[in-house]
Amino acid sequence: MRRQVPLVITFIVGAVLIIAAFIPHHPFGRLGENFSLYFDIIAVFAFLLGGGNLVRIHGGKFMRGIRSSIQEAKKGGGFWPLKFLVEFPFFAFGGLEDKRGRDWFFSLITLLGFFAMLYAGLFKVGNPDGWQGNVTNPEALFQEFYQSMFNPLQATMYALLAFFVASASYRAFRAKSPEATILLATAFVILLGRTPAGTYATDWLPQSLSFFHIPNLANWIMAVPNLAGQRAIMIGISLGVIAMSLRVILGVERTYLGADEK
Amino acid sequence: MWMDSPNWVTFGTWVAALLTLGIMSFLYKDNKVYKFCEAVFIGISAGYWFVSYFWQTLLPRLGDPLVAGAKSFFSGSPIWGSLVLFIPLGLGVMMLLRLIPKTGWLSRWPLAFVVGYTAGLRLITFLQSNAMTQLQNSVQPVVRYDAAGGFLAWESFNILLVTVGTFAGLFYFFFSKEHKGAFGRVARLGTWFLMITFGAAFGYTVMGRMSLLIGRLDFLLADWLKVIG
Amino acid sequence: MSRRISRIIVFSLIFGGIACCVHSGAALAQSPDAAVRPPQNVRAIDTRGDEGGSITVMWDLSPDDYDGTAEAVTVIGYEIMRAESPGGPFASVGFASAGATRFADASTHDGTDYYYQVTASTSSGGPVSPVIGPVRSSPQWFNVNRANVFIIGIILSMSIIFYIASARRGKKLFIRRIAGLEAVQEAIGRATEMGRPILYIPGIQDMDDVQTVAGVTILGYVARTIAEYDTKIEVPTSRSIVMSTARETIKAAYIAAGRPDAYSDDAVHYVTDEQFGYVAAVDGIMVRDKPATCFYMGAFFAESLIMAETGNSIGAIQIAGTAMPAQLPFFVAACDYTLIGEELFAASAYLSNEPKQLGSLKGQDVGKSIAMLAIATGVILFTLHQVTRVQWFMDAGNWFKDLFLLN
Amino acid sequence: MSNGNQPSFLEKVQALDRRVIFLFIALAVSLPLLFHVVFPEKISPIVSSMFDRIESLPEGSRVLISFDYSPSTVPEVQPMVDAVMRHCAARKQKLYLMALWATGQNITDETIDRVLKVEFPEYRYGEDYVNIGYKSGNQGLINVILTDLKKMYTTDVHGTAIDSIPMMAPIRNLRNFDIIFTFGGGFPGTKEWVLFAGDPGRIPVASGVTAVQAPLLYPYYPSQLLGLMGGIKGAAEYESELIRRYPQFESLPHPGIDMMGPQAVAHLVIMLFIVIGNVAYFATRNRQASDQGAR
């Protein structure tokens, strides 16, 4: 029973949604839109679980960590709050893999960041338009946090890719097999085609061989063989998705639903 | 406002610059500064997303319509539109029942809804956008003539190559046939086309990734250190 | 529905545009006072296959519209006028450019009687057609315009369902080895030997992406082996629903392996919805916990390479799978094994080793065969037309190609 | 493996610490930024065809520029727009500015304020340039204005009647323009301009798009598209050709060229590492083979 009901729900929701794609009449015509709204709402409720999980993990680390730090400070007597404050930096920046949970400091930072953002956002702190103001108003504290912290962190994390494409191509582009050689050669031509060097390298070629002019060759690769590969991947994916969806709707695949205890 | 004062702007730039350097230090090795930046990032981004969900989904799409529905209920107007919203509200609450061990099994209902929704919706969208559109684009003559009747060898060759490549690629994806013999050779050709696709996409993306790094370095050198104009 | 209408408009506009513009240069020289005739044979019907609220008006071109031979074009377009009584007042509801022969008025109320007339617009007013009507709009129960999607969907679905059913009846099916999936067992074994954890990333999208569903189901089979081997698994998620689903999945795997007591919710934890915040955390987990094996199964964006390169730097065995074409090159470059597109969706069926799941893989192959057959048919028809110049091949090819037209 | 336990130099190179690569990439990007390293960009035919067209058009020719993009693609697209605008203004051509994207209208104003008003103060609004702004309708809009521009545009962005703007007098439809430039990176954009204006109206269409979009549009060149610029590289090519012919522009910002310096060095560094990796790989493989042969 506990397992049957979810299977029936999945089947009905999936099947109805498929059929509704062909029925313009109310209420089926907008069923997809409505279900997508339901999904969004469920996702917000689920966030209470996710956010709760985040707070629980880091709250736990923080509590355990600070307790052991205080105990440490209490050892050997004396005025422990003062000792705690003096030792705090050492605790906070102890070893990276601190077995005694002294990296509670980082959990504290996460919690502070989380609640600061909630405070600034949910109460619209500093919003010139007050409660009615838009949460994305650039003058509010929420957006100020976004600009000075969120934005640089995100952009820098993204920018790390510049380094990783370099290290990945150094390691992966070795002519170890025919496949690897093709991968290497294609990437090399395209890379060359993106620099002035590509233009100069083949500039001397006569007009009749203009195809081998690197920028032309790069464009040709993008437009012809690349297209063929893309198409095969796309058609394959569509069939994969159709089969996956059918397995889920028909209840053939049910791993995600969990199992009954006992 | 106080946030517009030059000191505050400088402070904001310094915070941004130090966070930037902190993340970049990870390239050398993991360290405390990176860990600090990571902790900040996780905290504020999780908070940021929740605030966005709250103001942009929960209130306008559930809260406000329900309040409006309650108002019209008391004024005697029809409220069907907002009654329907009790479905997602109920499913959302069921989601939270995980927290109570006895009712935890009920949380599978919203999960079942979500997975059924995804399966039904994606089946149709992928059938349309991937399968049918690609098939439509693939159907074209592999022999071409220009308006005057002259044979367009190069164009014809290219289209033939795309068609052959698509077929070979699809051969590679066959699961119920061993990649052996003639079939195996075509499938191998398919992997070559896939490798060209991957190599091309890789090489082409490098420029965009470098632009991101240029953007960050430009911020550090121009906005923060002011050594370039 | 409005998409369908806009497609109709687009198509009529393409042909209309081509038709009228070739000669519109000449039109400028013409005196606008020359008497033009109105559009002929105006009809109005309820728009087919919609949810109501739309009426399609059609007409034959004014004889003074460009007809392929005329030297001059004087009609620059058609103004569609509507009223609720035959006597008017008529108000414009839209404009179609010269050469167009239909217009969908999407501002009607179902059940109301409407009357239409169409004006052939010139730069100085223009003649109007006779009034037609009444006509009403109404919603339909089947969208005939999508009949082709319906039929192709049925064909592909049936081929998959057929093989699921026949496998269930016990028919033996051959499925080839998939290297990336054969490596799963070995990769888990390696982590067990080394006493290091396994990191599983189910993508960064929510459960409404079918790739995430695939990622979570694969997690189910991976977790089964992990439960048997008693290896530690870590699943950081970037979405809360994925966290809940992954917990259910892993728990079920531990129960199936007969070790429900070994399961703990802590294996799966939420990090943040933010793409790069999530990656920052995953990178941190990698360099600190040093997992022996990393799985990346699901939908990925730019972060794919950040994770895969960091995973590589700690010497982990990495198995990736995604249907994001833009990220495949990076996984191929940085991981030991990569499931490409369709293989990601086949993985859970393959790993389950259940006949009916494997049957669906055979069904997918039949689907691919049908797709190739369709491409081949169309290509041959059009090529024959090019070579032989027999019009019939062109007509047949166009008919065939339109089967895959979305409208 | 080579004899002994010590890995040879070549083997060390093969398993190079990635931080060495990181260091080189950091230098490859930051040094050109610091020292303003620029490379002579050689203009490719696909860009020069449109440059030459502008160059060959007589003074007072009518150029339509459509701003079909949003702020998110400004960093990539704007350098191309600035370069083309400068070129047209230097050639004293009449600029007609419009947008298929709602977000394009503000960018148009911003570009006018930054480029035209500052660098070409003699340019008069309504006589030398006009901003007719954004209208909805995407390709439908193109289709209508192909036959009758004033059907859709009765006023410019400031609400001035089109008929009272001097430079609009000779314009009846798109065919009255000598060239159409479209800048963007999505829908609607270049494809729509080609299919709905360029092809049916036989009007030359030139385009500047994001690097991601460019490969999808190459098939239209040269029969349906006069020329195409893709991303920063396209901008750099156009800018350098512009500076070569009009040295007075050298002092103005040329973000395309500036960005291409670090780009080119970084690309070369990556290619260099690929070559080194392969040389080391083949060298050790050959030595392995000969070692085995000797035994």
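Analyst: Start with the contact between chain B and chain D. It takes 15 residues from chain B and 20 residues from chain D. The model is predicted, and every value here is computed from it. About 1600 Å² is buried between chain B and chain D. Carbon and sulfur atoms give 78% of that area. On the chain B side, three residues lose the most area to chain D: Y204(B), M207(B) and I214(B). Together they account for 38% of what that side buries. The residue types on the side of chain B that touches chain D are 12 nonpolar, one polar and two charged. Salt bridges across the interface of chain B and chain D number zero by the rule. Polar contacts do occur: four residue pairs link chain B and chain D, with both partners at pLDDT 80 or more.

The area buried between chain B and chain A is about 10500 Å². Carbon and sulfur atoms give 81% of it. The rule finds two salt bridges across this interface of chain B and chain A. In a salt bridge between D40(A) and R61(B), the side chains meet at 3.4 Å, N to O. Polar contacts between chain B and chain A come to 14 residue pairs, again with both residues at pLDDT 80 or more.

Two packed helices are described by the angle between their axes and the distance between the axes. The pair here is helix α2 (residues 31-74) of chain A and helix α6 (residues 240-256) of chain C. Their axes come within 7 Å and cross at roughly 75°. Angles of 65 to 115 degrees count as roughly perpendicular, so α2(A) is roughly perpendicular to α6(C). From α2(A), the contact is made by F39(A), I42(A), A43(A), A46(A), F47(A), L49(A), G50(A) and N53(A). From α6(C), the residues are S240(C), I241(C), M243(C), S244(C) and R247(C). The residues of this contact of α2(A) with α6(C) divide into eight nonpolar, four polar and one charged.

Last, the backbone. Most residues other than glycine have a negative phi, and most peptide bonds are trans. A cis peptide bond joins H26(A) and P27(A), with omega about 0°. P27(A) sits in the loop between α1 (4-20) and α2 of chain A. In chain C, the peptide bond from G133(C) to P134(C) is cis, with omega near 0°. P134(C) belongs to strand β7 (residues 132-135) of chain C. In chain B, K226(B) is a residue other than glycine with a positive phi, near 55°. K226(B) falls in the segment after α7 of chain B.

Note on methods
Residues are numbered from 1 along each chain as its sequence is written. Chains are lettered from A and ligands numbered from 1 in the order in which they are written. This is a predicted model: local features need pLDDT of at least 70, side-chain atom pairs count only at pLDDT 80 or more; totals for chains, interfaces and linings use all residues. Side-chain values use heavy atoms; hydrogens and water are left out. Buried area is the accessible area (1.4 Å probe) that two parts lose on being put together, summed over both. A salt bridge is a side-chain nitrogen of Lys or Arg within 4 Å of a carboxyl oxygen of Asp or Glu. A polar contact is a pair of N or O atoms within 3.5 Å; within protein, one must be able to donate a hydrogen and the other to accept it, and residues adjacent in sequence count only if both atoms are side-chain atoms. Axes are lines fitted to C-alpha atoms, for helices over the stretch in contact, and angles run from 0 to 180 degrees between N-to-C directions. Helices (H or I, at least four residues) and strands (E, at least two) are DSSP runs, numbered from the N terminus. Angles under 35 degrees count as roughly parallel, over 145 as roughly antiparallel, 65 to 115 as roughly perpendicular and the rest as oblique. Contact means heavy atoms within 4.5 Å. Ala, Val, Leu, Ile, Met, Phe, Trp, Tyr, Cys and Pro count as nonpolar, Asp, Glu, Lys and Arg as charged, and the others, Gly among them, as polar.
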